[in-house]
Amino acid sequence: MLPRYNTVKQAGEHEIIIQKSRFIAHIKRSESELGAQEFIQALKKKYWDASHNCSAYLIGEHDQIQKANDDGEPSGTAGVPILEVLKKRKLKDTVVVVTRYFGGIKLGAGGLIRAYGKATSEGLDAVGIVERKLMQVCHVKIDYSWLGKIENELRSSIYILKNIQYLENVEVEVFVEEEKQQAFTEWMIELTNGQAEITKGEMTYLESDI
């Protein structure tokens, strides 16, 4: 699992007009090639009357799955420019389909490359980008008498409070970056005079807008 990476925040679409042609960028997060292909095929079916439904996707921790499709546009003028924007933005697990309705004015190879790149870039801006950071969920079990102090300290710290469970003892769940686990454990022990019981939970990704 990567310590951190960037991807799209949400699925969405964004339309621009260039020389009377409509370019509609459809964007979605996908962690599998099958999911990306299903997204592409669904849009081809929905926009069956469009001039072109060009696509690209970048999937995998090391971008091991990369595909680009010009869907009838001159070779290298549509799918590749879409893919290049994804690479330039350093995005992972992202699929883009740009639907074009031809407006009657030919753009030429250079114009098409710029148009598909612009449609993709503006589409990404519209849906938003997030950083996914791998975090360890740490469970801190303490006596109720420590809750006020621990909660206040956490809320003003670099660590992120996930949840508080009010059981026989209080269990505080905290997101901690993997490399900061030792420092977090020592801090909790110091704050509670050694009375905190700290255990590791799941590893999970936490998302933040960028």
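Guide: The cover over the buried residues of α4 includes β7 (129-142), β8 (160-166), β9 (170-177) and α5. The model is a predicted one, in which local features need pLDDT of at least 70, side-chain atom pairs count only at pLDDT 80 or more, and totals for chains, interfaces and linings use all residues. Residues are numbered from 1 along each chain as its sequence is written, and side-chain values use heavy atoms, without hydrogens and water.

Helices (H or I, at least four residues) and strands (E, at least two) are DSSP runs numbered from the N terminus. Buried means under 20% relative accessible area, exposed over 50% and partly exposed in between, with a 1.4 Å probe and protein chains only. In α4, the buried residues are Leu147, Ile150 and Leu154. They cover an arc of only 75 degrees around the axis, and therefore lie on the same side of α4; the arc is that of the directions from the helix axis to the C-beta atoms. Asn152 and Arg155, on the other side of α4, are exposed.

Helix α4 (residues 147-155) packs with helix α5 (residues 181-191) at an angle of about 145 degrees, their axes being 11 Å apart. Axes are lines fitted to C-alpha atoms, for helices over the stretch in contact, and angles run from 0 to 180 degrees between N-to-C directions. Contact means heavy atoms within 4.5 Å. From α4, Lys149, Ile150, Glu153 and Leu154 meet Phe184, Trp187, Met188 and Leu191 of α5. By class, this contact has six nonpolar, no polar and two charged residues, where Ala, Val, Leu, Ile, Met, Phe, Trp, Tyr, Cys and Pro count as nonpolar, Asp, Glu, Lys and Arg as charged, and the others, Gly among them, as polar.
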